[in-house]
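The sequence and the structure are shown below.

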Amino acid sequence: MPRVCVVGLDGASADLIQENLERLPNLRAIATQGMFTVLHSTKPPMTCPAWACFMTGQPPGALGIYDWEDMRLPNPPRLSDWSLRHVPTLWDIVSAAGKGVLAINVPLTYPAREVNGAMISGFPVLARQQDWIFPQELRARLCQLGLHHVQELNPDTFRLRLGALDEDEFLSHASQSIQKTLAVTQHCMKNYHWDLLVTVFVATDRVQHLFWHYMDVAHPKHKAVPSEKHKNAIIRIYEEVDRAIGALACALDEDTYLFVISDHGFGPLYGSFLINSWLMELGLLKLKRRSRPSTIGLGITRSLDKPFVAQLSRLMDKIGLLGFVRRALPAWLGSGGAVLGIRELFDSIDLEATQALALSNGKIYINARREEEKEIVAQSIRDELLQLTDPLSGHHLDVQILTKRELYGDSCSGGPDLYVVIENYKYSVSSKIVPGRLWEVPASVSGAHREEGILLMKGPPAAQTVLWENVHIWDLAPTILSALEIPVPAKIQGKALAGIPTVI
Ligand SMILES: [Zn+2]
């Protein structure tokens with residue numbers, strides 16, 4: 001019976017792998033014996049919607065998960081419900097079919113579900129509680145092996161940004177996290193029966209966010225002398241995960257499909273466009289008279305208002321995160337932390353007088369009751385955005401603007417009215433307001449997500465290998481189910497890819 005092993009490399013870039021294939025022998029072997037293509041992520045290409053789509057086989061519109069946060073005007077922003085309690089996931093479907101599941105370090109799997117096998121939750125997770133692992137006895141065994149928990153890099157990312165950790169320490173922790181994830185995965189492979197194994201290495205994402213400017217000589221933050229030391233930091237991490245893939249691949253039998261995937265790609269981040277400052281200049285966004293602070297929406301708000309805390313608490317409580325949020329939210333959430341800042345921003349806005357406002361990652365929400373009114377505001381935003389010029393060179397910028405329908409189809413509820421991408425994400429679109437300022441260079445990150453992730457696949461010798469094209473991340477769940485000879489539930493909107501036998 002065929003089995004499926006999926007190795008996730010969070011944020012792995014198809015371009016970087018293609019350029020460095022000579023240094024990545026295990027990925028090269030999969031690409032030559034099987035295939036290597038681009039895996040299209042969600043819009044925005046964020047870890048939260050992308051992994052949710054991966055494990056459900058549903059596009060963002062079907063899940064109502066567009067980013068870490070969303071908003072339905074006139075109501076304030078809310079955290080997306082990524083608990084996925086009411087949607088069948090790969091883990092549920094494969095377990096219900098009586099097959100063995102191992103899910104290790106997959107983002108959005110906290111708290112761990114009861115599966116026919118084992119689950120170790122990935123980011124975001126609370127390591128101090130015990131519900132990050134199923135079954136409980138595995139926890140004791142991992143502790144005995146010195147493998148307490150694999151997901152530890154997010155607090156490190158925060159500490160590095162705050163200057164509480166230096167770059168060498170961060171890179172050595174990143175390497176340790178790869179070794180730990182590998183060791184935990186190997187331990188589970190030996191000790192559990194499995195038909196589907198999904199294991200995710202997160203170091204690729206974190207290191208690319210923080211070290212991109214050392215490698216990229218054209219980056220505005222690149223400085224020749226200090227760059228020398230870390231210019232290979234990112235490629236070294238790719239080499240390490242490549243060796244880990246080699247170690248996992250050699251334990252697989254001939255009948256196993258091996259997938260290597262990323263939830264989104266990566267590229268340089270040169271600057272941020274402060275879209276709400278810009279909407280203010282256009283007169284489409286108005287602040288309340290009394291709120292004229294110098295900066296709004298910086299990330300972690302200073303004064304949390306009660307209704308929002310209550311809503312956050314309810315959601316967190318539902319997914320078991322409340323205790324952790326109280327203690328460690330700033331150290332744990334990267335983009336999620338910005339949700340609090342966005343609520344502060346929302347509270348500063350005079351909604352009655354505001355026609356448009358944006359949340360993080362280029363999501364614009366239009367505040368109008370009638371469709372025609374919405375269309376007029378959308379058109380004026382579109383016209384103005386297309387005039388944007390590069391703050392560094394003065395050149396005209398390539399701005400992509402998509403409507404809700406273009407993004408998510410006709411039947412979605414929630415989600416932004418417009419979505420903006422500048423120079424294919426070389427400039428991020430920030431929700432922060434700094435009156436009088438439209439652009440800035442992000443202080444601590446120099447790399448950012450792209451829509452083009454990776455998909456490498458090597459099937460059993462008997463399977464026909466077809467080069468897949470135009471594959472979306474939500475097509476993987478039905479493809480994996482087909483490879484496991486499990487019927488794909490009719491509600492799943494993703495399409496099983498050709499070359500893998502379909503079970504009806
Ligand atoms: Zn990611």
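Which residues have the most contacts inside the largest nonpolar core? They are A52, L196, V260 and I480, in a core of 143 residues.

## Basis of the model

The model is predicted: local features need pLDDT of at least 70, side-chain atom pairs count only at pLDDT 80 or more, and totals for chains, interfaces and linings use all residues. Residue numbers start from 1 along each chain as its sequence is written.

## Overall composition

The protein chain contains 18 helices and 20 strands; these are DSSP runs numbered from the N terminus, helices being H or I with at least four residues and strands E with at least two. Of its 504 residues, 51% count as buried. A residue is buried if 20 or more other C-beta atoms, placed from the backbone, lie within 10 Å of its own, exposed if 12 or fewer do, and partly exposed in between.

Among contacts with a separation of 6 or more, 71% join residues 24 or more positions apart. Contact here requires C-beta atoms, placed from the backbone, within 7 Å.

## The nonpolar core

The largest nonpolar core has 143 residues, where such a core is a set of buried Ala, Val, Leu, Ile, Met, Phe, Trp, Tyr and Cys residues joined through C-beta atoms within 7 Å. Helix α11 (residues 233-249) supplies the largest share of this core, 8 residues. At least three residues come from each of domain 1 (3-64 + 85-266 + 448-474) and domain 2 (271-445), with bounds from an automatic or database domain assignment. In soluble globular proteins, nonpolar side chains tend to be buried together.

## Helix α3 and A52

Helix α3 (residues 47-56) is largely enclosed by the rest of the structure, because 10 of its 10 residues are buried. A52 is one of these buried residues. Leaving aside neighbours within four places in sequence, A52 is in contact with L63, I65, W82, L84 and L108. The buried residues of α3 pack against α4 (60-63), α5 (90-96), β5 (101-106) and α18 (476-483). After α3 comes G57, with a positive phi near 75°.

## Packing around helix α11

The axes of α8 (residues 167-191) and α11 come within 10 Å and cross at roughly 10°; axes are lines fitted to C-alpha atoms, for helices over the stretch in contact, and angles run from 0 to 180 degrees between N-to-C directions. The two helices are therefore roughly parallel, a class for angles under 35 degrees, with over 145 roughly antiparallel, 65 to 115 roughly perpendicular and the rest oblique. Their contact has 10 nonpolar, 2 polar and 1 charged residues. In this classification Ala, Val, Leu, Ile, Met, Phe, Trp, Tyr, Cys and Pro are nonpolar, Asp, Glu, Lys and Arg charged, and the others, Gly among them, polar.

The axes of α9 (residues 203-215) and α11 come within 8 Å and cross at roughly 150°, which means that α9 is roughly antiparallel to α11. The residues of this contact divide into 11 nonpolar, 2 polar and no charged. For α2 (residues 25-33) and α11, the axes come within 7 Å and cross at roughly 60°, so the two helices are oblique to each other. P25, N26 and L27 of α2 meet D242, I245, G246 and A249 of α11.

## T37 in strand β2

T37 lies in strand β2 (residues 35-40) and counts as partly exposed because it has 18 C-beta neighbours inside 10 Å. T37 and E452 are 415 residues apart in sequence and 9.5 Å apart in space, C-alpha to C-alpha.

Key: Contact = placed C-beta atoms within 7 Å.
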